[in-house]
Amino acid sequence: MNEYTYRIETPRDYAAVEALTREAFWNVYRPGCDEHFIVHSLRGNANVVARLNYLCECGNQICGHIFYTAISIISDSGESFEALSFGPISVRPDLQRTGIGSQLIRRSFSDARAAGYKAVIITGSPAYYSRFGFRPAADFGIVDADGSSYPELMACELVEGGLSGVHGRVHFCPEFFDIDAEALAKFDAKFPPREKLKLPGQLWYAQ
């Protein structure tokens with residue numbers, strides 16, 4: 001039986017975490033992946049909430065990781081409300097569906113409440129994240145930065161009424177979207193080569 005330990009990430013873990021993230025997301029949403037590059041690009045960014053970035057160890061290897069950033073919800077009148085977002089959340093492929101991801105979320109949620117955070121906004125699978133209390137962000141009057149609303153944009157109150165009176169457009173860190181393809185390729189070349197495959201279920205498939 002595997003024994004897992006959980007702790008907060010430190011700088012000495014960065015390279016192993018980025019390798020794990022690449023392994024967890026390779027060919028999942030697109031041929032190859034960019035999640036490991038996003039994590040790398042955000043190192044040192046003031047919006048990274050390092051005190052919540054838990055990892056899971058199995059033996060001497062990192063097998064799970066959750067990455068948090070601070071975000072803003074800005075109303076039409078210009079009022080700003082700070083919240084959290086997490087992602088990517090990475091689990092080694094052979095250990096997925098064993099509860100590691102759930103533990104990473106629950107442990108970090110507990111710490112986030114203790115630190116005074118009131119809500120978390122993410123994009124992800126409603127079928128999976130609803131078990132943690134996530135609901136459509138539109139239920140709270142929260143939309144994407146461009147004003148759009150879609151099922152994958154979800155919100156979770158860490159405390160009762162945490163989003164009471166909060167509405168507006170959510171602004172995630174631009175590093176999640178403004179990805180330099182050349183810089184990504186250069187960074188990815190530091191890792192062992194892997195084949196990029198177009199597979200059913202990837203984001204490109206339905207386009």
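Buried means under 20% relative accessible area, exposed means over 50%, and partly exposed lies in between, with a 1.4 Å probe and protein chains only. By that scale Val28 is partly exposed, because its relative accessible area is 35%. The structure is a predicted model, in which local features need pLDDT of at least 70 and side-chain atom pairs count only at pLDDT 80 or more, whereas totals for chains, interfaces and linings use all residues. Residues are numbered from 1 along each chain as its sequence is written, and side-chain values use heavy atoms, with hydrogens and water left out.

**Surface patch**

- Val28 sits in the loop between helix 1 (14–25) and helix 2 (35–41), where helices (H or I, at least four residues) and strands (E, at least two) are DSSP runs numbered from the N terminus.
- Together with Tyr29 and Leu203, Val28 makes a nonpolar surface patch of about 260 Å².
- Patches are made of residues with over 30% relative accessible area and no salt bridge, like charges being joined within 9 Å and nonpolar side chains (Val, Leu, Ile, Met, Phe, Trp, Tyr) within 5 Å; the accessible areas come from the Shrake-Rupley method with a 1.4 Å probe, and for residues only the protein chains shown count as cover.

**Salt bridges**

- Nine salt bridges are counted, a salt bridge being a side-chain nitrogen of Lys or Arg within 4 Å of a carboxyl oxygen of Asp or Glu.
- Arg22 and Asp188 meet through their side chains in a salt bridge, at 2.7 Å from N to O. Arg22 lies in helix 1 and Asp188 in helix 5 (residues 181–188), so this pair ties together parts that are 166 residues apart in sequence, and both residues are buried.
- Arg30 forms a salt bridge with Asp34, with the closest N and O atoms 3.4 Å apart, and another with Glu35, for which the closest N and O atoms are 3.3 Å apart.
- Arg30 is partly exposed, with a relative accessible area of 27%, while Asp34 counts as buried at 12% and Glu35 is buried at 9%.
- A network of salt bridges links Arg7, Asp13 and Glu57.

**Asn53 and its surroundings**

- Asn53 is placed in the loop between helix 2 and strand 2 (54–58), and this residue is buried, with a relative accessible area of 0%.
- A polar atom of the Asn53 side chain lies 2.7 Å from the backbone nitrogen of Tyr68.
- Apart from neighbours within four places in sequence, Asn53 is in contact (heavy atoms within 4.5 Å) with Arg7, Ile8, Glu9, Val48, His65, Ile66, Phe67 and Tyr68.

**Aromatic pairs**

- The whole structure holds 13 aromatic pairs, for which rings of Phe, Tyr and Trp (its six-membered ring) must have their centres within 6.5 Å, with planes under 30 degrees apart counted as stacked, over 60 as edge-to-face and the rest as tilted.
- Phe86 and Phe109 form a tilted pair, at 6.3 Å centre to centre and with 55 degrees between the planes. This pair links distant parts of the chain, since Phe86 is in strand 4 (residues 80–91) and Phe109 in helix 3 (residues 100–114), 23 residues apart.
- Phe86 is buried, with a relative accessible area of 6%, and Phe109 also counts as buried, at 4%.
- Ring pairs link Phe86 and Phe109 into a cluster with Tyr68, Tyr128, Tyr129, Phe132 and Phe134.

Key:
Polar contact = N/O pair within 3.5 Å; in protein donor to acceptor, adjacent residues only side chain to side chain.
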